[in-house]
Amino acid sequence: MEGTNPVNKKLAAALSGGAVLVLALTGCGGDDSDEKLDAWAKDVCDAVQPQAAKIKSANTAIQKETSDNSTPQAVQQADSKAFQDMSDAYKAIGAAVSKAGAPDVDNGEQKQQDAVKELNSISASYATLRKQVDALNTEDQAKFADGLKDIAAELDKLSKSGSDALSTLEEGKVGEAMSRQASCQTATASAGATKS
């Protein structure tokens, strides 16, 4: 299995970047209370929390399979399930932001729509990666390794391209309101990264 191990490690590294996207929804410090905005942030944060946990466990599953000397079949199975879980999680976060409505800030509706569009696009990208991994040839070690390399490259792009609209959504007062929600703080912790 040595042939695919470096690729697997690259895949695991690229994948852990994906979890960072969800953290754009978890804001940073601030005290000015605004009831309407706090209620909006609570809705979104409460919905994000279980999805952040799902993304974290999908990452963990992939890293576990890729760091062990797993068979191509086992890696394929783990990756396929993880990509599906991530696709579902981002879709659910998009639905939560959509359901919460526009935050009570300047240009809130546009920011909300952009964020939902971006989350749905990330969800679709993970669904495509799942199809790609399902189609890999696990009988041929070299072809499987090449296929994983392509998927790792896609993941890398995905983790870098993401969260512009999400960052815009959580600027200023929205980010401050989100940072006051216990569930957003937990989402940040459970996705295994910190924001300053």
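Student: What span should the 27 residues of H4 have at 1.5 Å a residue, and how far apart are its end C-alpha atoms?
Tutor: H4 should span 39 Å, and its end C-alpha atoms are 39 Å apart, which agrees. The expected span is 1.5 Å times one less than the number of residues in the helix.

Student: And what about H3?
Tutor: H3 has 29 residues, which should span 42 Å, and its end C-alpha atoms are 42 Å apart, so that agrees too.

Student: Before we go on, what kind of model is this?
Tutor: This is a predicted model, where local features need pLDDT of at least 70, side-chain atom pairs count only at pLDDT 80 or more, and totals for chains, interfaces and linings use all residues. Residues are numbered from 1 along each chain as its sequence is written, and side-chain values use heavy atoms, with hydrogens and water left out.

Student: How many helices and strands are there in the protein?
Tutor: The protein has eight helices and zero strands. Read from the N terminus, the elements go α-α-α-α-α-α-α-α. Helices (H or I, at least four residues) and strands (E, at least two) are DSSP runs, numbered from the N terminus.

Student: What percentage of the residues count as buried?
Tutor: Of the protein's 196 residues, 47% count as buried. Buried means under 20% relative accessible area, exposed means over 50%, and partly exposed is in between, using a 1.4 Å probe and protein chains only.

Student: What share of the contacts comes from residues 24 or more positions apart?
Tutor: Among contacts with a separation of 6 or more, residues 24 or more positions apart account for 85%. A contact means heavy atoms within 4.5 Å.

Student: Back to H3 and H4. At what angle do they pack?
Tutor: H3, residues 72-100, packs against H4, residues 108-134, at about 165 degrees, and their axes are 8 Å apart. The axes are lines fitted to C-alpha atoms, for helices over the stretch in contact, and angles run from 0 to 180 degrees between N-to-C directions.

Student: Roughly parallel or antiparallel, then?
Tutor: H3 and H4 are roughly antiparallel to each other. Angles under 35 degrees count as roughly parallel, over 145 as roughly antiparallel, 65 to 115 as roughly perpendicular and the rest as oblique.

Student: Which residue classes make up the contact of H3 with H4?
Tutor: There are twelve nonpolar, nine polar and four charged residues in that contact. Ala, Val, Leu, Ile, Met, Phe, Trp, Tyr, Cys and Pro count as nonpolar, Asp, Glu, Lys and Arg as charged, and the others, Gly among them, as polar.

Student: Which residues of H4 are buried?
Tutor: The buried ones include Lys111, Glu118, Leu119, Ile122, Tyr126, Leu129 and Val133. Ile122 has a relative accessibility of 3%, so it counts as buried. Between the C-alpha atoms of Ile122 and Met86 there are 8.9 Å, with the two residues 36 apart along the chain.

Student: Now the loop. What is the phi of Asn107?
Tutor: Asn107 has a positive phi, near 60 degrees, and is not a glycine. Most residues other than glycine have a negative phi. Asn107 sits in the loop between H3 and H4, and it is exposed, with a relative accessible area of 53%. Gly101, which follows H3, has a positive phi as well, near 80 degrees.
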